[in-house]
Amino acid sequence: VQLQASGGGLVHPGGSLRLSCAASGRTFGNYAMGWFRQAPGKEREFVATISWGGGDTYYADSVKGRFTISRDNAKNSMYLQMNFLKPEDTGVYSCAAASVPSRRSDDYRYWGQGTEVTVSS
């Protein structure tokens with residue numbers, strides 16, 4: 001599976017962005033998917049994950065209630081709706097595919113190029 005994240009940009013605190021992850025290949029629906037982010041000078045951290053069918057979702061405590069992960073297997077796509085953005089949400093967001101939903105980056109086999117999100121006034 002090849003993955004490509006898009007939708008990043010500059011947004012003011014309190015604003016919203018919707019990230020997309022486009023997948024190639026006919027087996028997208030077989031994989032759980034996840035979003036991770038990496039802020040400048042910090043380690044990559046888990047953001048959210050979704051099961052292959054979309055019925056199970058899990059979030060980092062820092063984004064729970066503000067971010068929503070979703071997927072459309074018919075379009076080979078995954079999304080991250082980010083609301084009420086904070087400066088600490090700044091970073092490069094990457095999408096990844098795994099066999100099961102997981103908070104651990106080591107469990108993800110396929111990774112896409114990231115998209116940069118900057119939250120600043």
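Phe46 is buried, with a relative accessible area of 11%. This value, like every other one below, is computed from a predicted model.

**Exercise 1.** Determine whether Phe36 and Trp111 are buried, partly exposed or exposed.

*Solution.* Step 1: The cut-offs are needed here, because buried means under 20% relative accessible area, exposed means over 50%, and partly exposed lies in between. Step 2: Phe36 has a relative accessible area of 2%, so this residue is buried. Step 3: Trp111 reaches 29% relative accessibility and therefore counts as partly exposed.

**Exercise 2.** State how many aromatic pairs there are, and classify the pair of Phe36 and Phe46.

*Solution.* Step 1: The count comes to five aromatic pairs. Step 2: The ring centres of Phe36 and Phe46 lie 5.8 Å apart, and their planes stand at 70°. Step 3: Planes over 60 degrees apart count as edge-to-face, so the pair of Phe36 and Phe46 is edge-to-face. Step 4: This pair links distant parts of the chain, with Phe36 in strand β4 (residues 32-38) and Phe46 in strand β5 (residues 45-50), ten residues apart.

**Exercise 3.** Classify the aromatic pair that Phe36 forms with Trp111, and locate both residues in their strands.

*Solution.* Step 1: From centre to centre the distance is 5.2 Å, and the angle between the planes is 55°. Step 2: The pair of Phe36 and Trp111 is tilted. Step 3: Phe36 belongs to strand β4 and Trp111 to strand β10 (residues 108-111); the two are 75 residues apart, and their pair links distant parts of the chain. Step 4: Ring pairs link Phe36, Phe46, Tyr108 and Trp111 into a cluster.

**Exercise 4.** Describe the disulfide: its partners, its handedness and the parts it ties together.

*Solution.* Step 1: A disulfide is a covalent bond between the sulfur atoms of two cysteines. Step 2: The structure holds one disulfide, and it joins Cys21 to Cys95 with an S to S distance of 2.2 Å. Step 3: The torsion about the S-S bond of Cys21 and Cys95 is about 70°, so the disulfide is right-handed. Step 4: Because Cys21 lies in strand β3 (residues 17-24) and Cys95 in strand β9 (residues 91-98), the pair ties together parts that are 74 residues apart in sequence. Step 5: Both Cys21 and Cys95 are buried.

Notes. Residues are numbered from 1 along each chain as its sequence is written. This is a predicted model: local features need pLDDT of at least 70, side-chain atom pairs count only at pLDDT 80 or more; totals for chains, interfaces and linings use all residues. Side-chain values use heavy atoms; hydrogens and water are left out. A disulfide is a pair of cysteine sulfur atoms within 2.5 Å. Helices (H or I, at least four residues) and strands (E, at least two) are DSSP runs, numbered from the N terminus. Buried means under 20% relative accessible area, exposed over 50%, partly exposed in between (1.4 Å probe, protein chains only). Rings of Phe, Tyr and Trp (its six-membered ring) pair if their centres lie within 6.5 Å; planes under 30 degrees apart count as stacked, over 60 as edge-to-face and the rest as tilted.
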